[in-house]
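This report reads one protein chain from its overall make-up down to single residues. The sequence and the structure come first.

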Amino acid sequence: MTTTTELPRAAFPFIVVDDMGRPALTAQRCTKCGATYPDSERMACGKCGARADALEAFSPAMEGTLHSAVIVRRGFPGVEVPFISAVVDLDGGPTLKGTLRHSGFELDDIQQGRRVKVVFDDALGRQDKNGNSYIAHHFEPLSA
Ligand SMILES: [Zn+2]
């Protein structure tokens, strides 16, 4: 039996792909303390300990602020370098880690506070054993 589909698979648990193949972010928010998580199936809030029934799903903003970034110049075989590994605080939460692309590699290009948007794209051509492709999130600078 083959499970190959035309639709890409989500590379992370905070990405959902609908029946039309359109990706979106999903997250959870604690209704007791407001903490947010890039996750869809948490058992409890890591901040206040509230159980899963206190966590609600929501669709995070597709824009955020660069919290930190590093320029990666050495990678595993097959991984093109350099690239920028970034941590972004999405507007309203949560915080996501991902690759910042279409950005320069100067320190000014990766300044904390830079505004970025989330885009979805193929996950570097990776496929599962059945040939299904993966879709991942990336960050790109918002136009100044
Ligand atoms: Zn909480």
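## Overall make-up

The model is predicted. The protein has eleven strands and zero helices, so its elements, read from the N terminus, run β-β-β-β-β-β-β-β-β-β-β. The C-alpha trace spans about 50 × 45 × 25 Å along its principal axes.

The chain has 144 residues, and 21% of them count as buried. Among contacts with a separation of 6 or more, 50% are made by residues 24 or more positions apart.

## The three-stranded sheet

Three strands form an open sheet in the order β5-β4-β6, and their pairing is antiparallel. Its edge strands are β5, residues 36-37, and β6, residues 55-58; each of these pairs on one side only.

Strand β4 covers residues 27-30 and is joined to β5 by two bridges in the antiparallel sense. Across this pairing, Arg29 stands opposite Thr36 in β5.

β8 and β9 pair in the antiparallel sense, with six bridges between them.

β10 is paired with β7 through three bridges, in the antiparallel sense; here Thr65 stands opposite Arg115 in β10. β10 is also joined to β11, residues 133-141, by eight bridges, and these two strands run antiparallel. In that pairing Val116 faces Pro141, standing opposite this residue of β11. The hairpin of β10 and β11 has five residues between the strands, and Gly131 takes a positive phi near 90° there.

## The largest nonpolar core

Which residues touch the most other members of the largest nonpolar core? They are Leu66, Ala69, Ala86, Val88, Leu100 and Phe139, out of 16 residues in this core. At least two core residues come from each of β7 (63-72), β8 (83-90), β9 (95-100) and β10 (115-127). β8 provides the largest share, with four residues.

Beyond its neighbours within four places in sequence, Leu66 is in contact with Ala86, Val88, Ile110, Gln112, Gly113, Arg114 and Val116.

Pro8 lies in the segment before β1, a strand of residues 9-10. Is Pro8 buried or exposed? Pro8 counts as buried because it has 20 C-beta neighbours inside 10 Å, and the cut-off for a buried residue is 20 or more.

Where do the contacts of Pro8 fall, leaving aside its neighbours within four places in sequence? Pro8 is in contact with Val17 and Gly21, and also with Ser133, Tyr134 and Ile135. Pro8 and Asp122 are 114 residues apart along the chain, and their C-alpha atoms are separated by 8.2 Å.

Terms used:
Residues numbered from 1 in each chain as written. Predicted model: local features only at pLDDT ≥ 70, side-chain atom pairs only at ≥ 80, totals over all residues. Buried ≥ 20, exposed ≤ 12 C-beta atoms within 10 Å, placed from the backbone. Contact = placed C-beta atoms within 7 Å. Pairing = 2+ DSSP bridges. Core = buried A, V, L, I, M, F, W, Y, C linked by C-beta atoms within 7 Å.
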